[in-house]
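Keep the structure open as you read.

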Amino acid sequence: MPLGRELPQLLKQRLFHKGRKFDFEVNRLRLPNKSEGEWECIRHPGGALAVPVTNEGKLVLVRQYRFAVQGRILEFPAGTLEYNEDPQATVKREIEEETGYSAQKWRKLGEFFLAPGYSDEIIYAFLAQDLEKLEKPPTQDEDEDIETVLMTPEELEAAILQGEPVDAKSIASFFLARPFL
């Protein structure tokens with residue numbers, strides 16, 4: 001079982017909704033400590049994220065409109081894993097679609113739960129180096145509203161500390177990548 005999983009006992013599944021990107025369920029469970037109750041959970045296939053670094057040492061980020069927060073957030077390129085897809089394949093596709101760059105060198109930075117209080121989503125983080133700008137980048141998804149942003153590691157750290165909207169997966173991955181920048 002990945003990342004230290006210890007399964008609860010399913011007593012009753014009360015609600016299940018299958019969505020486009022993730023599923024939602026409400027279950028009556030008995031936890032390992034024998035406590036019983038009803039819990040809601042988002043079941044997510046996982047996501048992969050790249051921390052792309054140009055040969056000049058600039059980070060390639062995107063400023064993306066996110067409907068849930070009704071605004072634009074600074075983040076590293078990332079995407080949801082397709083069924084049975086390798087996380088590195090996901091992130092290679094996403095970096096090209098979202099930024100117009102491809103990477104020749106990859107390093108796995110780690111994996112982590114994004115919001116374990118209500119979701120089982122795992123983020124697989126990678127460092128992407130030896131970037132090349134694509135002559136003809138793939139078409140972005142129809143719902144994507146993205147601007148590519150280049151920043152030094154110091155500029156990104158300052159933006160995070162000054163409270164610029166940056167998502168949690170990007171902040172965590174930035175600090176995982178920091179020793180290699």
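How many residues lie between E1 and E2 in their hairpin? Four residues separate E1 and E2 there. The model is predicted, so local features need pLDDT of at least 70 and side-chain atom pairs count only at pLDDT 80 or more, while totals for chains, interfaces and linings use all residues. Residues are numbered from 1 along each chain as its sequence is written, and side-chain values use heavy atoms, with hydrogens and water left out.

Strand E1 covers residues 9-18 and strand E2 residues 23-30. Strands (E, at least two residues) and helices (H or I, at least four) are DSSP runs, numbered from the N terminus. E1 and E2 pair antiparallel over eight bridges. Pairing requires at least two DSSP bridges between two strands. Opposite Leu15 stands Val26 of E2.

Next comes E5, residues 59-66. E5 is joined to E6 (residues 71-75) by five bridges, antiparallel. Arg66 has Gly71 of E6 as its bridge partner. E5 and E6 form a hairpin with four residues between them, and Gln70 in the turn has a positive phi of about 55°. E5 also runs antiparallel to E10 (residues 146-151), with six bridges. Here Gln64 faces Ile146 in E10.

Now the charged residue. Glu97 sits in helix H1, residues 87-99. Leaving aside residues up to four places away in sequence, Glu97 touches Pro138, Thr139, Gln140 and Asp141; contact means heavy atoms within 4.5 Å. Glu97 is buried, that is, under 20% relative accessible area with a 1.4 Å probe, protein chains only. Yet Glu97 has no salt bridge. That would take a side-chain nitrogen of Lys or Arg within 4 Å of a carboxyl oxygen of Asp or Glu. The nearest side chain of opposite charge, Arg93, is 4.1 Å away.

Technical notes:
Buried < 20%, exposed > 50% of the residue type's maximum accessible area, 1.4 Å probe, protein only. Lys, Arg positive; Asp, Glu negative; His and termini not counted.
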